[in-house]
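User: I have a model open and would like to go through it with you. Where shall we begin?
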Amino acid sequence: MKIPSIPTRGRTLDHAAAVYDLLEPLFLLGKQAEYDQHIIRLLDPAPGEQVLDLGCGTGVLCAQIADLLDPKAGGLAVGIDAAGKMIAVARKKRAGAGCRFEAMAAESLGFEDRSFDAVVSSLFFHHVPLDLKASALNEAFRVLKPGGRLIIADMHLPTTWMGALVSKVSRWFFLQPQIAENTRGVLPDLIQSAGFREPRIVGYYFGYIAVFYSEKP
């Protein structure tokens with residue numbers, strides 16, 4: 001069944017859906033499992049919690065989170081992505097009783113206020129322009145319960161010469177000015193401006209991908 005993509009000014013990866021599960025581990029230099037497990041350890045979900053994954057792609061991280069939840073206790077992991085083909089792959093490979101996927105833009109979430117205990121996002125925010133980064137974070141704040149956790153892993157200020165080189169090459173190779181926004185260090189201020197507590201950087205990968213942790217007061 002074809003799932004329509006959601007109109008957005010952010011960059012979607014419909015064209016890569018069929019090969020994404022093969023390519024992503026290569027781009028992450030074989031560290032995808034280590035990277036995902038770091039996010040999951042930070043999240044440390046209780047069995048009955050509900051977790052939202054922004055820009056879930058084919059649902060690898062979302063499904064791993066769902067494995068730690070108990071649907072009978074109300075536990076649920078929901079992945080959203082504006083790319084319909086990504087959601088189609090995610091549903092086919094990874095949907096289940098405690099894991100569902102929806103075609104949806106992060107800047108316009110179709111969920112009620114205070115619906116989730118945690119929001120995670122892995123390598124999504126460098127695909128959207130500055131105003132949509134802010135809108136997506138405002139939406140994440142809205143759908144989180146008070147005390148809810150926010151965990152974001154994305155491109156940030158490079159800390160090594162290799163990280164700086166890869167960031168610059170990526171920005172021009174993919175014709176993505178949104179990458180340059182991230183590597184200028186905009187995410188922490190945007191997170192706070194959305195209402196979250198001052199984010200902490202709790203990990204760095206490859207010299208340019210930071211893992212942020214924050215909470216809704």
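**Working through the model**

User: Pro-7 first: buried or exposed?
Analyst: Pro-7 counts as exposed because its relative accessibility is 75%. Here buried means under 20% relative accessible area, exposed over 50%, and partly exposed in between, with a 1.4 Å probe and protein chains only. Please note that this is a predicted model: local features need pLDDT of at least 70, side-chain atom pairs count only at pLDDT 80 or more, and totals for chains, interfaces and linings use all residues. Residues are numbered from 1 along each chain as its sequence is written, and side-chain values use heavy atoms, leaving out hydrogens and water.

User: How many helices and strands does the protein have?
Analyst: There are 8 helices and 7 strands. They are DSSP runs numbered from the N terminus, helices being H or I with at least four residues and strands E with at least two. Of the 217 residues, 55% count as buried.

User: Which residues of helix 5 are buried?
Analyst: Leu-132, Lys-133, Ala-136, Leu-137, Glu-139, Ala-140 and Val-143 are buried in helix 5. Seen down the helix axis, these buried residues fall within an arc of 160°, so they line one face of helix 5. The arc is that of the directions from the axis to the C-beta atoms.

User: What do they pack against?
Analyst: The buried residues of helix 5 pack against strand 1 (50–54), strand 4 (116–122), strand 5 (144–155), helix 7 (177–183) and helix 8 (187–193). Contact means heavy atoms within 4.5 Å.

User: What about the salt bridges; how many are there?
Analyst: The structure holds 9 salt bridges, each being a side-chain nitrogen of Lys or Arg within 4 Å of a carboxyl oxygen of Asp or Glu. In one of them, Glu-49 and Arg-149 meet at 2.9 Å, N to O. Glu-49 lies in the loop between helix 2 (32–43) and strand 1, and Arg-149 in strand 5, so the pair ties together parts that are 100 residues apart in sequence.

User: Glu-49 and Arg-149: buried or exposed?
Analyst: Glu-49 is buried, with a relative accessible area of 14%. Arg-149 also counts as buried, at 11% relative accessibility.

User: Which residue does Arg-142 pair with?
Analyst: Arg-142 forms a salt bridge with Glu-139, the closest N and O atoms being 2.8 Å apart. Both lie in helix 5, 3 residues apart, about one turn of the helix. Glu-139 is buried at 14% relative accessible area, whereas Arg-142 is partly exposed at 23%.
Elsewhere, salt bridges that share partners join Arg-91, Arg-100 and Glu-102 into one network. The side chains of Glu-102 and Arg-100 meet at 3.2 Å, N to O. Glu-102 is partly exposed at 25% relative accessibility, and Arg-100 is partly exposed at 34%.
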